[in-house]
Every structure is written in structure tokens, then in C-alpha cells.
Amino acid sequence: CIVVKKKGEAGSGNSLASAASSSISSDGKVDINTATKEELDKVSGIGPVTADKIVQYREKNGNYKTIDDLKKIGGIGDKTLEKFKDKLEAR
């Protein structure tokens, strides 16, 4: 998410940092609908390839309705999802 302000428009000046932090809730769960590849890769059980697949699927098909929607991605089944399911949310 990149915010471009008009010249002279008020703002915090740090829109990227605030946008990135909104992907992680106060309880530490990562939102699969807004997280970057880098944020997803930091979740235990998700590597760079899976993080990339999660973002690519979201960009092609729209936001996830539930965490179980991740099973629609090749390579993510019940056992794999159980490894990181409790660290994610779909807002």
C-alpha cells in the first residue's frame, strides 16, 4: 500500500510504516489479506515460496474469507495449515 499525498497535504510522513504494521494485530496474528511476502515469511512454518504463493493467490483471486481458504493453494493441505493456522487471521 503506497499513499501519495498532494503537495501540502497533512500526514504523518510515515505512511509505509503504519500500513505495514496494520498487517499484524495486537495479539501478533498476521492478516493474510494485507501482509506482504516478507511479513508472511516471518511466520513460523511459512517460507518464502509459500509466502509468495499466498500473496499471488490473493492478488489473482481477491481477499481470503477464512484461514481455511489457504488450502486452495497448491502445497498447503491440512497438516501444513495446522503448523501456522493459529498465527494468522483473515480480516
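**A quick tour of the chain**

Of the contacts (heavy atoms within 4.5 Å) in the chain with a separation of 6 or more, 42% are between residues 24 or more positions apart. Before you start clicking: this is a predicted model, where local features need pLDDT of at least 70, side-chain atom pairs count only at pLDDT 80 or more, and totals for chains, interfaces and linings use all residues. Numbering runs from 1 along each chain as its sequence is written, and side-chain values use heavy atoms, with hydrogens and water left out.

Switch to cartoon. You'll find four helices and two strands, in the order α-β-α-α-α-β along the sequence. These are DSSP runs numbered from the N terminus: helices are H or I, at least four residues, and strands are E, at least two.

Next, colour by burial. Of the 91 residues, 27% count as buried, meaning under 20% relative accessible area with a 1.4 Å probe, protein chains only.

Now select Leu-40, Ile-46, Ile-54, Leu-70, Phe-84 and Leu-88: they have the most contacts inside the largest nonpolar core, which has 17 residues. Such a core is a set of buried Ala, Val, Leu, Ile, Met, Phe, Trp, Tyr and Cys residues joined through side-chain atoms within 4.5 Å. Both α3 (48-61) and α4 (78-84) supply at least two of its residues, and α3 gives the largest share, three.

Zoom in on Ile-54. Beyond residues up to four places away in sequence, Ile-54 touches Ile-32, Leu-40, Ile-46, Tyr-64, Leu-70, Ile-73 and Ile-76.

Last stop: Glu-89, in strand β2 (residues 88-89). Glu-89 counts as buried because its relative accessibility is 19%. Leaving out neighbours within four places in sequence, its contacts include Ser-25, Lys-29 and Ile-67.

Conventions
Buried means under 20% relative accessible area, exposed over 50%, partly exposed in between (1.4 Å probe, protein chains only).
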